[in-house]
Amino acid sequence: MAKRHAPLTRIELLQGTLDLIILQSLRWGNRHGYGLLQIIRTMSHGVLQVDTGSLYPALHRLEKQRWIEADWELSENNQRVRVYRLTPAGRKQLAVERSKWEQFSTAVAEFFAAPPPEEA
Amino acid sequence: MSPKDRGARNEDLDAEIQSHLDMDARERVARGESPDDAAAAARKEFGNVGIVKDVTRDMWGVGGADQLWREVRYAVRTLVRSPGFAAIAILTLALGIGANTAIFSVVNGVILRPLPYPDPGQLVLITSQFPTLGFDQFPVDAAEFLEFRERNRSFSNVGAYFSTAVNVGGQSSPARVTSALASASLFPTLGVTPEAGRWFTDQETRPNASPVALLSDELWRSNFGGERSIVGRKVDIDGVLTQVVGIMPKGFDIHDQGVRVWLPLTLDPDSINSYRGGHYLNLVGRLKPGISLATARVQLEPLLQHWREIDGGSSDPTQNRVHTPNTKNHRLRYDDLLTDIVGSAGRALWVLQAAVFLVLLIACANLANLLLMRAETRHKELVLRAALGAGRGRLVRQFLAESLVLSVAGAAVGLLVARWGLHALVLSNNAGIPRATRVGLDAHVLVYTLALALGTGVVFGLAPALRLNARSMSLSLREAGSRTTSHASAARVRRALVVLEMAMAVTLLVGAGLLLRSFEKLTRVDSGFDRSQLFTFNLVLPAATYADSVRRVALFEQVDDQLEQVPGVQSATAMSGLPPRRPVNANDTRFEGYVAKPGMPQQNVDYYNYVMPNYFSTMRIPMVEGRSFGPMDGAKSPPVVIVNQTLARLFYPGQNAVGHRIQPGGIVDTAQWFTIVGVAKDVKQGGVDAKTGTEIYLLDQQTPAYEGFAPRNMNVVVRSTLSRDALASSIRRIVASVDPGLPVVGLRSMDEVFDDALARPRFLAELLVIFAAVALALAAVGTYGVLAYSVAERRREIGIRMALGASEGGVLTLVLRQGMLLAGIGLLVGLGGALAVTRVVSSLLFGVQPTDPATFAAVGLFMLAVALVACVVPALRATRVDPLVALRLD
């Protein structure tokens, strides 16, 4: 379980952005939890690793907020899987979150790009 | 979300996570891993399935029963993992809640439970007062009853009764039972109909009516086999064949007397004036609907003012003794029936309830501390759960669930404790409390216990829950895993709780100490006679077979003579009134040559006592002046009387009472005076804790000649070196040989008689001492626990101090000072609290001031000693800290 201690700091890092990442991933298509983990890993080139302990609570929280919906479907392996999809409300939420994130990351980027302040 | 939905969702979640694991495993197999390895790896990759599910379920929002159930299950699992902690907590709670339940069931049965009559709130006990004689509650006379019943407009009905005892012959040997003579109106007033048969008719309460009786359910079962056919048959009651006309419902009684036989109170409305002055009846009135006791008092005031005029007054000067009720020296008194029955026991019981509640609070404080310490050692787990997204609310709920599981389990065990305690301490013990038969663990008590369980659970569970504020949680994230974390604020809370515990324990100790000292003083009260090796029993001669007074006297003489023949018996005598607690049988008494001056008493004597000649020698009551009764005082020789010191002081201040003459009330020949031949030392008759009243001793042998009657009811007194059992067989044999129909009643040693008289103060002191001891023990354990924890916490610091050369003595002092400082503050606060509240118990104290310095000092010293013991153990442990080990920790 050594791995579980390391994510402690990463969860802090991901808090708030996990919702955004999940919503964005579902925009690309309906997915079950396992599929979401994979696509997040793939699309971020392995940088973003989401913990199951964070993913499932987040999915169920988003579902309760009615930003996503879930249904049982059969997978290609004929297995019953719970598949999530974005709702119209979720789409709006994604836009809001995304613009917030972009503002934030732009601000941070500009902050680092700025020349050192002149000493008085 | 309904529990059903929740169940479905739980299954969904299980399936969802299972599918996740399956998919992961399948891909691993596809990559070439073996199926077993793949499944294990998938599981490992996933993390702790239980916690993930748990935290995910949290996202569904606060749910109903299912969520509660989940918390409870989780709490139980957690507690099972620390059985020691759980056992201590449950045991502490069981004691606290059990004791509370036991006492509450007494409070409930005695004070709160309504009387078993319809609309019992309408029932009023009507008695009278003689302010000038100092009688605050006195019976009324039959004339007053008849007139009151006719003229009052506030009560829908009024009944009268007085209780006495009769000998009942049944299938078994004759039994002596409490009986009540009741007016025909008593039952309609109480609103109770007989279980079988009927109540008396008015005709049956007229003189010369054929004798009838009603039996209580209890007597009907115990002595008449519970056969309904007894109704209509005749039974022997005090030697009179009496027709049973009915059986009363189970538990039916009046004023907690334990009445077993109900007989008609014979009154002739035509001879109303002959009834005046003979106060022996208690009245029970039922207020008309909508009329309160206060309204009734106001409405009845004019009746009291004009009673004499309505009555027509009396022109006969010899009727001076007639006490027509008036507003000045013979008032009527109205009390709520239940309040009057409970009487002074009410305060004692509330004091016990308050005391036992304090004990529970101390237990709660202890548990709060335990949980606080536990929460700190469980920090790691909590931090992990918080990190995974378990909200603060969830963690608070978990703490509460845990404490509630503990408190409900404690309450369940507590019910057993209560059941046992109730029987061991209250019911099997003569507690001297009224309505004891009503005490039990009924639905009200169970509701109280449940409320107590939930209340205590919340109270002690909230402390650690509140500590989970956002700040401490975020701090913890960084400190997770470190055990040296010392939260100054947590330590402050723990110390405050210990101070509070100590303070409450001290307050209780002071209260218990005061009552214990009162009880001790009560046992040392001079009863006025030597009660060692003294035994007594009661004989009542049936009126029918002992109509002749001379025969009555002869019987008691015979019994005494035969008893004195028994080897080991020094002497035997008899008296009508049994000290130390007998009802006032006051009577107007003329004192020859008495001139009433302001400040001088009215011509009345509180206690008339009819005794056999050897009474004073057998009882060893010293004569202060004059002589005792002797052989010169024959049945027909000039009548003599002995008075007690109180009477002599009151009526003959500064003179020798001997030689003066008095005339007892109700005497046949009003020209006949009784000469005082002696003044006897005061004997307690009105209660050990009460002022001695005035008393005269009349010679039983002289009563037939001068008073026209002799008492039927006498207490035989035997001074003997024999044991009670050895004496009992001789007594039974002798009484049976004199009259086989006479039951021997209440055979006890005089010490036992006194014990019974002190039953209530003993009960109160005993229970309070037990509660105070438990409180102090809990507080000591609490102090110990907090100190031990603090020593463990500071092990590193102590190690450094020792490494730097601190002596063992220095370390010992360091820890002791910390503990004793808490104890000292607790002591001061507690003593202050005691000063503030002991006034509440002042009416329960005897010979001790509520601020008694000796008690306060003793409690202080005792408490400090106990606290010192509680502090020494952790302090010694601190001195054994190995600096090297301590420094290597963490």
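Residues are classed by relative accessible area: buried means under 20%, exposed over 50%, and partly exposed in between, with a 1.4 Å probe and protein chains only. At 51% relative accessibility, Asp119(B) therefore counts as exposed. The model is predicted: local features need pLDDT of at least 70, side-chain atom pairs count only at pLDDT 80 or more, and totals for chains, interfaces and linings use all residues. Residues are numbered from 1 along each chain as its sequence is written, chains are lettered from A and ligands numbered from 1 in the order in which they are written, and side-chain values use heavy atoms, with hydrogens and water left out.

Asp119(B) lies in the loop between α5 and β1 of chain B. Helices (H or I, at least four residues) and strands (E, at least two) are DSSP runs, numbered from the N terminus. Asp119(B) is not a glycine, yet its phi is positive, at about 40°. Arg435(B) also has a positive phi, near 55°, and is a residue other than glycine. Its place is the loop between α13 and α14 (443-466) of chain B. Arg435(B) is buried, with a relative accessible area of 3%. Most residues other than glycine have a negative phi, and most peptide bonds are trans. A cis peptide bond joins Pro579(B) and Pro580(B), with omega at about 5°. Pro580(B) sits in the loop between β14 (569-575) and β15 (587-588) of chain B.

Aromatic pairs were examined next. Rings of Phe, Tyr and Trp (its six-membered ring) pair if their centres lie within 6.5 Å; planes under 30 degrees apart count as stacked, over 60 as edge-to-face and the rest as tilted. Over all chains, the structure holds 27 aromatic pairs. In one of them, the ring centres of Tyr117(B) and Phe252(B) are 6.0 Å apart and the planes stand at 75°, so the pair is edge-to-face. Tyr117(B) lies in the loop between α5 (83-112) and β1 (123-130) of chain B, and Phe252(B) in the loop between β9 (240-247) and β10 (261-264) of chain B, so the pair ties together parts that are 135 residues apart in sequence. Both Tyr117(B) and Phe252(B) are buried. Phe674(B) is buried at 2% relative accessibility. Tyr706(B) is buried too, with a relative accessible area of 13%.

Ring pairs also build a cluster from Tyr117(B), Phe187(B), Trp199(B), Phe200(B), Phe252(B) and Trp262(B). Charges sit over other rings. The criterion is that NZ of Lys or CZ of Arg is within 6 Å of the ring centre and within 35 degrees of the ring normal. Arg374(B) lies over the face of Phe85(B), at 4.4 Å from the ring centre. Arg531(B) lies over the face of Phe754(B), at 4.0 Å from the ring centre.

Helix packing involves both chains. Axes are lines fitted to C-alpha atoms, for helices over the stretch in contact, and angles run from 0 to 180 degrees between N-to-C directions. Helix α5 (residues 52-64) of chain A and helix α3 (residues 49-58) of chain B have axes that come within 8 Å and cross at roughly 25°. The two helices are therefore roughly parallel (angles under 35 degrees; over 145 is roughly antiparallel, 65 to 115 roughly perpendicular and the rest oblique). α5(A) passes α3(B) in a right-handed crossing. A crossing is left-handed if the near helix is turned anticlockwise from the far one by less than a right angle, and right-handed if clockwise. Within chain B, the axes of helix α11 (residues 345-377) and helix α23 (residues 759-793) come within 10 Å and cross at roughly 15°. Their crossing is left-handed.

Ser403(B) is found in helix α13 (residues 392-427) of chain B. Ser403(B) counts as buried, at 0% relative accessibility. Beyond residues up to four places away in sequence, Ser403(B) touches Leu371(B), Gly457(B), Phe460(B) and Gly461(B), where contact means heavy atoms within 4.5 Å.
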